[in-house]
Each structure stands twice: as C-alpha cells, then as structure tokens.
Amino acid sequence: MRHSPKGVSIHPDFDALAAAVAARLITKLIDVQNRRGEATVVLTGGSLGIATLAAVASSPARTAVDWQRVNFWWGDERFVPADDPQRNARQAQEAMLGLLPVDPARVHPVPAAGEAADVDAAALDYARALSDAAAEEELAPGFDEADPRLPRFDVLLLGVGPDAHVASLFPETAGARTVGATTVAVHNAPKPPPERVSLTMEAINTADEVWLAVAGEDKAGAVGLALAGAGPVQVPAAGPSGRSRTRWLIDQAAASQLPERLFEQHQLEG
Ligand code: 6PG
C-alpha cells in the first residue's frame, strides 16, 4: 500500500485553524489552476469544514481563484431533503458557494431525499455522477485520474468526529469496510441523521491531497490513535492517505494527545 508523508500542522485554536485551512485551500486552487486550468475539491461538512468555507468566502485572496473553473464534490452527505439545514451542500451554499462566482454546473451535491428514491439509490446516483464526470474529464498532459470511476480530486477535505469517523465512515461499520465501490449508503449512522451517503475509503484515497482538519479537545483521542497508525476499520481517521500528500491540520486542543514519539515519527510543519 502506498503511503504519502503525513504532515501535521498545529494552529492555536478553531478560528485560527479555519483561517489557515482557508488560506491553504485558496493557494492550492490557484496553483492547480495554473498547472492544469481547472481544479477539483471535495468538501466536508462539520463545524470546522463550514467555518473554513466561510473564511474562504471572506478572504481578500479569494479573487485570485477562477471560481468558474473549480469543480465541487462532497465526501459525504446527510440523506435528508435538499433544503434541510442539516445538508452539507446547503451549509456550503450559504457559507461560500452562494457568495462566489462559481459555475453551478460544476457543483455536484449528493442527491437529496426527494431527488433519489432512497439512500441506496442516492449512493448509486452519486457514484454514476462521479464516473460520468471521470469519463468526460479531459486532463492536461502530465495529470492523470487515479481511478477510472472517479474524476481527479486535487484536494479532498475531511473532518474527524470524536469517535474517529471520517466522511460518513463510522468505526466498525459496513461503510468503513466497503471495498470495490466508490460510494456507500449508510443506514444506521451512530451520529444523526442515520441515513447518509459517503465516499468509500478507496475513493477518498484516490485524491492527490487529503487534508484532515480537526479542532477541539474531544477529537484529541481520535487524532492520537489515527496518527499512531491504528486500523482504519476501528479508527477510520487512520485510513485517509492522499496520493501525493496527507495533511493533518489541527488545533492545539486536538493535538493534546499526540504522544511525544509521534512528533519525531511524523513530519511536523509550521
Ligand atoms: C457529518 C460530518 C462529519 C464531520 C465531523 C467533524 O456529517 O457528521 O461530515 O464527518 O466532519 O464529525 O465535525 P465538527 O467539525 O463539527 O466537529
């Protein structure tokens, strides 16, 4: 199995972290657009994920990105109606997408309740939308798709739950064990709402860069276990691994259970 270096950056608190992830994301999108014309980002929900999007939308540097040529997907979604405030896509729309000149044709939410017959159909429809986008994608020379079923993901953002879930892959559940598919329908998520759609770990790990952004002391145990190399079924946060890079972007509270040896083992960044 391929392992990209896991860089860990520690920031003072939630707000500083959201601002730092936003700044990195803007810079990354500019770099990718310079190299290949367009850029594709996979968004996350969660309080930090949405605060990051709000920080992007209010950053003066946002104007350096050509928002018309950014493709948006989601790592997971709650299977509730499209206008439900719990929807990651709706929250992203309000925090960022609705405030920037994005191309609506490049925004790809997971089908909502009411759009797909049930959560299983939503997961299949989302997998189909991804593979259709992959089939249509024309990549600049030197860039490739990691998987013919998926478009190229330049950056994939993830939050981490206190139980160490990522996207909607919860510990010791069928979703965390799924192989051979790009998406999975989740029926009994331990965190409400119970029905969700998630990218699988194998889909997450096709991304060029995976960024795990985590704030809060309640996540410290999960972060410690993930970086100590726990198994990805028991500790899903241990599973994500970008093809080029895996970044852990965390605040001091979330870093409070990183054992000393991990500071030596993993590359610590400023
Ligand atoms: C969800 C979220 C979830 C989230 C983490 C962290 O649907 O539950 O997508 O994966 O990212 O639980 O959430 P917070 O940033 O709010 O702690």
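I started with how two of the helices cross, and I found that α2 and α3 make a right-handed crossing. A reminder to myself before going further: this is a predicted model.

Next I looked up the angle for this pair. Helix α3 covers residues 88-95 and packs against α2 at about 25°, with the two axes 8 Å apart. Angles under 35 degrees count as roughly parallel, and α2 and α3 are therefore roughly parallel to each other.

Which residues of α2 and α3 meet? On the α2 side I listed I50, L53, A54 and A57, and on the α3 side N88, Q91, A92 and A95. Sorted by class, this contact of α2 with α3 has six nonpolar residues, two polar ones and no charged ones.

Then I turned to the other partner of α2. Helix α1 spans residues 14-36 and helix α2 residues 47-58; they pack at an angle of about 60°, and their axes are 8 Å apart. That angle makes α1 and α2 oblique to each other. Their crossing, I noted, is right-handed.

I wrote down the contact residues here too. From α1 come F14, L17, A18, A19, V21, A22, L25 and I26, and they meet S47, L48, A51, T52, A55 and V56 of α2.

How many aromatic pairs does the structure hold? I found one. It is formed by W73 and Y126, whose ring centres are 5.9 Å apart; the planes stand at 55°, so I logged the pair as tilted. W73 is in strand β3 (residues 70-74) and Y126 is in helix α4 (residues 119-136), so the pair ties together parts that are 53 residues apart in sequence.

P192 and P193 are joined by a cis peptide bond, with omega about -5°. I placed P193 in the loop between β6 (183-186) and β7 (196-199).

I traced A164 to the loop between β5 (155-158) and α5 (174-177).

Last, I opened the database record. The unreviewed UniProt entry annotates residues 13-248 as "domain: Glucosamine/galactosamine-6-phosphate isomerase".

Notes:
Residues are numbered from 1 along each chain as its sequence is written. This is a predicted model: local features need pLDDT of at least 70, side-chain atom pairs count only at pLDDT 80 or more; totals for chains, interfaces and linings use all residues. Side-chain values use heavy atoms; hydrogens and water are left out. UniProt positions are given in the numbering used here, feature names are shortened, and annotations may be inferred rather than shown by experiment. Axes are lines fitted to C-alpha atoms, for helices over the stretch in contact, and angles run from 0 to 180 degrees between N-to-C directions. Helices (H or I, at least four residues) and strands (E, at least two) are DSSP runs, numbered from the N terminus. Angles under 35 degrees count as roughly parallel, over 145 as roughly antiparallel, 65 to 115 as roughly perpendicular and the rest as oblique. A crossing is left-handed if the near helix is turned anticlockwise from the far one by less than a right angle, and right-handed if clockwise. Contact means heavy atoms within 4.5 Å. Rings of Phe, Tyr and Trp (its six-membered ring) pair if their centres lie within 6.5 Å; planes under 30 degrees apart count as stacked, over 60 as edge-to-face and the rest as tilted. Ala, Val, Leu, Ile, Met, Phe, Trp, Tyr, Cys and Pro count as nonpolar, Asp, Glu, Lys and Arg as charged, and the others, Gly among them, as polar.
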